[in-house]
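Student: I have a new model open and would like to learn how to read it. Could you take me through it feature by feature?

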Amino acid sequence: FMLASPAFAADATAQAFTDNTFVDKATIGNLFEIQSSQLALQRSPNADVRAFAQQMIADHTQAGRDLNATVADSRSNGALLSTALPNRLDDKHQTVYDDLTKADAAHFDAAYMDAQDKAHQETIALFKTYAANGNNPRLKRFATATLPTLQAHQNHVDALLEKGTDAR
């Protein structure tokens, strides 16, 4: 919850994140993972890519539930988060998603896996930064608890890229 385009070139570790910024970035990244993976299920003929996409949908749907519960718990315990959770992609994620929808069939898997590689690199950096430096203890626990799953996703992406799923 987060690529090949220059839009994803920002170094998440160089930024200081407020609680709201972390929640917004994590939510949008999660939405991107789910939406792009739903697209992969529709478009990819590759069984390995489709299995990966299904796993992304399941894991990121659960992460979204966990984040929503953490935010609700923070609000009810006085650690107010002032903004509503985003319910759509931001411009940079929307651009990457739109590019995926336009990718021709022969290059879709490559574009999807490249987007997953970059998204997970960005998301891992975001979660590591917040886990180490965040202000909200509940959100820090969420970030810390979610990191192993995100790192497993990155390892899966790396394995698919090495296997040669036409991803590069």
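Student: Let me start with one side chain: does Q154 count as buried or exposed?

Tutor: Burial is judged by relative accessible area: buried means under 20%, exposed over 50%, and partly exposed in between, using a 1.4 Å probe and protein chains only. Q154 counts as buried because its relative accessibility is 9%. One caution before we go on: this is a predicted model, in which local features need pLDDT of at least 70 and side-chain atom pairs count only at pLDDT 80 or more, while totals for chains, interfaces and linings use all residues. Residues are numbered from 1 along each chain as its sequence is written, and side-chain values use heavy atoms, with hydrogens and water left out.

Student: Which residues is Q154 in contact with, beyond its neighbours within four places in sequence?

Tutor: Contact means heavy atoms within 4.5 Å. By that test Q154 touches D117, H120, Q121 and I124. With D117 there is also a polar contact between the side chains, at 2.6 Å. A polar contact is a pair of N or O atoms within 3.5 Å; within protein, one must be able to donate a hydrogen and the other to accept it, and residues adjacent in sequence count only if both atoms are side-chain atoms. For a sense of the fold, the C-alpha atoms of Q154 and A119 are 9.2 Å apart, although 35 residues separate the two in sequence.

Student: Which helix holds Q154, and how many helices and strands does the chain have?

Tutor: Helices (H or I, at least four residues) and strands (E, at least two) are DSSP runs, numbered from the N terminus. The chain has five helices and zero strands, and Q154 sits in helix α5. Of the 168 residues, 48% count as buried.

Student: What happens at the two ends of α5?

Tutor: At its start, a side-chain oxygen of N136 comes to within 2.8 Å of the backbone nitrogen of R138. Just past the other end, G164 has a positive phi of about 90°. Helix α2 has an N-terminal cap: a side-chain oxygen of N46 lies 2.8 Å from the backbone nitrogen of D48.

Student: Which residues of α5 are buried, and what do they pack against?

Tutor: An α-helix has 3.6 residues a turn, so residues three or four places apart point the same way. In α5 the buried residues include L139, F142, A143, T146, L147 and L150. They pack against α1 (19–43), α2 (47–76) and α4 (105–133). For α2, the buried residues include F52, M56 and H60, and their cover includes α1, α4 and α5. H60 also has a polar contact of 2.6 Å with the side chain of N30, a residue of helix α1 that is buried at 5%.

Student: How many aromatic pairs are there in the whole structure?

Tutor: A pair of aromatic rings is described by the distance of the centres and the angle of the planes. Rings of Phe, Tyr and Trp (its six-membered ring) pair if their centres lie within 6.5 Å; planes under 30 degrees apart count as stacked, over 60 as edge-to-face and the rest as tilted. A search of the whole structure gives six pairs. One of them, F22 with F127, is edge-to-face, with centres 5.0 Å apart and 65° between the planes. F22 lies in helix α1 and F127 in helix α4, 105 residues apart, and both are buried. The rings of F22 and Y130 are stacked, because their planes meet at 20° with centres 4.3 Å apart. Together, F22, F127, Y130 and F142 form one aromatic cluster.
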